[in-house]
Each structure stands twice: as structure tokens, then as C-alpha cells.
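This briefing covers selected features of one protein model. Please keep the sequence and the 3D view open while reading.

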Amino acid sequence: MVATMMNAQLSLNHIIERAGTLFADREIVSQMPDKSVRRHTYADLLRRSRSLANALIDAGLQTGDRVATLMWNHHAHLEAYHGVPMAGGVYHTLNLRLAPNDIAYIVNHAKDRFLIVDDVLLKLYAAFAKDVSFEKVFVVSLTDAPVDGPFVSYESLMADVPAGWAPPPVDENQGAGMCYTSGTTGKPKGVIYSHRAVALHSMGSAMTDTLAISQHDCVLPMVPMFHANAWGLPFTCAMVGAKQVHPGPHLDPVSLLDLYEREKVTISAGVPTVWIGIQQTVSQNPGKWTLQPDMRMVVGGSAAPEAMIRDMDKLGMRVIHAWGMTETTPLGSVANVKQSLIDKGEDAQYAARAKQGIPVPFVEIRAVGEDGPVAHDGQAMGELQVRGPWVAASYFDFPEANDRWTDDGWFRTGDVVTIDPDGYIKITDRTKDLIKSGGEWISSVDLENALMGHQDIAEAAVIAYHHDKWVERPLAVVVPKEGRTVDAGALSDFLISQGIAKWWLPDGFVVKDAIPRTSTGKFLKAKLRDELSDWTPESSGS
Ligand code: ADP
């Protein structure tokens, strides 16, 4: 066939080289553990990423080798995002909230050759060092502590590259980054992101009807850089030249709000549990922070309850609800309001925004039930399956999980959804969280979202407990807002007023101070199921 267009490789090098020259002065702000701030620019990021790439090649890095990172969100982590792929390597983000033996398992499984680690995380590294064997450990100084012993100072790698230095050529299908699923569902499994996948994902994410990120934005990804590439935001920002603000280890609401105000942040991103804290802090301190008008908050990782979206809107923080997975780089769908809903009123629009949204261009979706793909009628439930250029084609060295891909080439997400005629996906559960009562499904997510709309409830998680007659029945675990109490009868009445069917009502409401969380801030329902495995209506006295 005669070539129609040039076959230019989609390489991440292009993104950083363009940002470093066209947006040379645009800032990258990093907050340190002592809350001081380091200010860099995209020109610095390009220069330092090249230095890192050059140093890694000198250290013996070969194309495809993995370089582990154990870092908070800051400039050096960003340099690894760009510099490691520039050297032909694959940056592999380690989740610093995992137990040391789990981190060691992941490092060994990925066969990571080098490690870049924050000095403040060396204690964590020491807890698993004996179980792994990095060839070199580069230490990033975030404090004044000297780098010594067997470690190499990261800063010593930052020598300027020789004149005429150029990175090795990149095949767009080679690996650039790697992340393991957090293991909420079984053993952690690794996904390798290609240059091509990340480049296309950045374009898809920046689009106006996706996250609408432009060079005029200032973006603070509070989602950790070890959680699914910080949702790809560092690359999306570099692609468009947006200012980046990285909070370091300070992820409490007050520190984040201080940064939003000071750095004039226009977009931030994180899981709902963090937003719940921000929303409460802002409500309790009216007028304390002046945020940018129409600030946008990307919420994903777990469902954003409609009540939360409404409350955040009232506080001037517009929620953009998005769905994704480690396996999808991660963005799959975004719940913006479609043109066809504009005339349908506010309630219809909020209902749409509380769904997981419509797929991003190039991501195809279907919901598959026992008899094949289900109708897009907003009623029929099926497992969400996806395919597209930034959806993983396999896990790294984990053939046992090959059944996550169908014979006709779709990835099985493990999320149970409905899809409505407008194309909006609504997650009703993860397969493992579904509650089957007397042969009928009950959506724990619907119950949770309704409960979190109650004025006295801060958090709610609904799990199945074993029932002799119905096999499974729902049990709610609720955390009241500060100073509030809850009453089971009133909560049931409230759920009915919210349109919940009577047979869906939880058989009990267990009150707790907090709901256990996964390493990425999601409700850890497996732990609740363990803790409450003996629960019966009789044992609770209800
Ligand atoms: P893990 O599988 O360990 O939780 P991921 O971060 O990859 O790690 O999680 C992906 C899952 O998170 C999805 O399959 C889905 O169940 C859930 N999820 C992501 N975004 C949303 C959302 N907006 N609403 C509900 N669930 C979500």
C-alpha cells in the first residue's frame, strides 16, 4: 500500500521536549515535607529529565528495564516520569502505602533494576531492602539529611548532558511506565503503559469534553503518582503546558486548600474520600479560602455520590466525575453533561453527573450479561468490558489472569454496570461486592450513595452478610458526621424517600468512627466483611 501519511512515532519525548521549549517558563511547584516550596519550570523539567536519562544509560539501563520509584508527588517523581522513558526504560511507581512485604513482592515480580527513593521514605525502603536486590538506589533529598552509605545522591545525576546528546530512538509500542493494581481484588498485577498509549491518553484527557485541560490551567493532582499515573495528569499537563502543583506528603484538607489558594489552582483530582474531607473543611470555615472561580475537581476511583456533587457545586468546586482503572491508563469515561440533557433540567443533569459518564474517544464499551451484551436501556445489568488504544492487552508476566480478556479481545473490568440510551455508564457494583438477595441483585453503590445524601451521614459502605433464607442481605456501615447520631428507623425512612425499594433496605446499620480504606483511599469492604462476618440482626439487637 502507498503510504498516505508519515508514520511518526507517538513518543513521550515529544511531549516533554515541546513543553520544555514552548512552555519553558511555565511553573512546576513542589511542596516539601517541611512545607517549603521548590519552584521549577518546564525548561528545568526537560533539562533534568535529560540528565536523568543520560545517567541511567550510563548506569547500564537497557531498553525495557524497569526503574522503581518510591516517592511522593513532586518534581523528582515527575522527572522520573519523563526521564526514565526517555532513556528507553520503564518507570515503575511503587505504592508507598502498601505493606513492605507486598512492595518487595511487586519489585521482585517486576524485576526492577534501579530504585529512586525519597530520603523521607528510606525507612520504608529499609523495611523491605533485605528482600530485594536493586543494582543502585538513588536518593532524592527532600530534607537536609546527607545521602550516604550504599546510596547514590539523585542530585549527583543532574549534570548537564554533553552537547549534541540525544535520547535513543523510541518505538511507540515500547513500555514507558508501569503500575500494579492495588490488589483490592487478589494478587497485585502489573500493567505496562506504552509511549503510544500514554500519548493518546493525554490527548483524550485534555479534550474540552473530557477534563478540558489547557495551558491556562493550574493543576494539582492530589491523587498519588503511584496510583495509575496520577490519572495521567502529569503527561496531560506537559502536553498542553499547564502549570503543575505537587503537594508532596501533605494531603490533609487544610494543606491542600492552602495550596489551592496560594498557587491559584484551577483543577485538582482525587478519590471521593479526600473530597469529603475538603468539603467538610470548607463548610466549617466559610470564607477562609479564596479559590479560583469555577474551580474543577476531578473525582474518580470510587463513585461520587450525587449529594456530594451538589454540595461541592454550592461551594464553587465543580465536580467532574470520571471512571477508570489501572488497566486503562486510567481514564475510560467522564460524566460531563451531554447537549441532549441541557433542556432536561437540573435534576436530570445531576443524575447524569453522578453516573460514571460516557466513554472517552477511542474507548469502546459494552455491558455483557449471562446471555451476551445487554441493551443500553439504563436497566439491564452486565459486566463492563472495554477496549481501546490505552487499554492493557495483558498483565506483565501473569498468565493466570488471561481470562480477564475475552476471546474477542475485550478487557473484562469486573465492574457491573447499566448503560442508558444516552450512553452513560452507571456502576452498580464491582462483581465481588454485589449482593444477591433471594436471587435478585441489590446495588451496594446505590445504597451507599443514597445514605451519603443524608444530612447526618459522613460515610457509608454497604456489604452483604450471610442470611439463611435469602443467602445474602445488605448490611450498612455508617460513619455519622461530627456530633450527630443516627437512628436506623430514620435512615430506612430516608432511603425509601430517596426511591430505594423496600426489599433493598439494609437489615442493620452498624455505626463506626471510620471505614477502613485501601492503599489508594477506597473503602476496604473486604475488611468490613471480615469484621462483621458473624453479624446477625439478633446479635445487633435490631
Ligand atoms: P483497584 O482495582 O485496586 O481498586 P484501580 O484504581 O485500578 O485499583 O481501581 C479501578 C476500579 O475503581 C474500577 O474497576 C471501579 O470499580 C472503581 N472506580 C473507578 N472510578 C470509579 C467511579 N467514578 N465510580 C465508581 N467506581 C469507580
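The model is predicted.

**Helix H13**

- Helix H13 spans residues 488-497, and its buried residues include Leu491, Ser492, Phe494 and Leu495.
- These four residues sit on the same side of H13, because they cover an arc of only 160° around the axis.
- Asp493 and Ser497 are exposed and lie on the other side of H13.
- The packing partners of the buried H13 residues are helix H12 (444-451), strand S24 (457-467) and strand S26 (509-511).
- Gly499 follows H13 and has a positive phi, near 90°.

**The open sheet**

- Nine strands form an open sheet with mixed pairing, in the order S2-S1-S11-S10-S12-S13-S14-S15-S16.
- Strand S2 (37-41) and strand S16 (358-359) are the edge strands, each pairing on one side only.
- Strands of a sheet pair through backbone hydrogen bonds, in either a parallel or an antiparallel sense.
- For strand S15 (residues 331-334) and S16 the sense is antiparallel, with 2 bridges between them.
- Val334 has Ile358, in S16, as its bridge partner.

- Helix H7 (residues 233-240) lies across strand S10 (218-221), strand S11 (243-246) and strand S12 (267-270).
- The direction of H7 is at about 155° to S11.
- S10, S11 and S12 are also listed in the strand order of the open sheet.

Technical notes
Residues numbered from 1 in each chain as written. Predicted model: local features only at pLDDT ≥ 70, side-chain atom pairs only at ≥ 80, totals over all residues. Heavy atoms only, no water. Buried < 20%, exposed > 50% of the residue type's maximum accessible area, 1.4 Å probe, protein only. Arc of directions from axis to C-beta. Contact = heavy atoms within 4.5 Å. Pairing = 2+ DSSP bridges. Axes fitted to C-alpha atoms, helices over the stretch in contact; angles between N-to-C directions.
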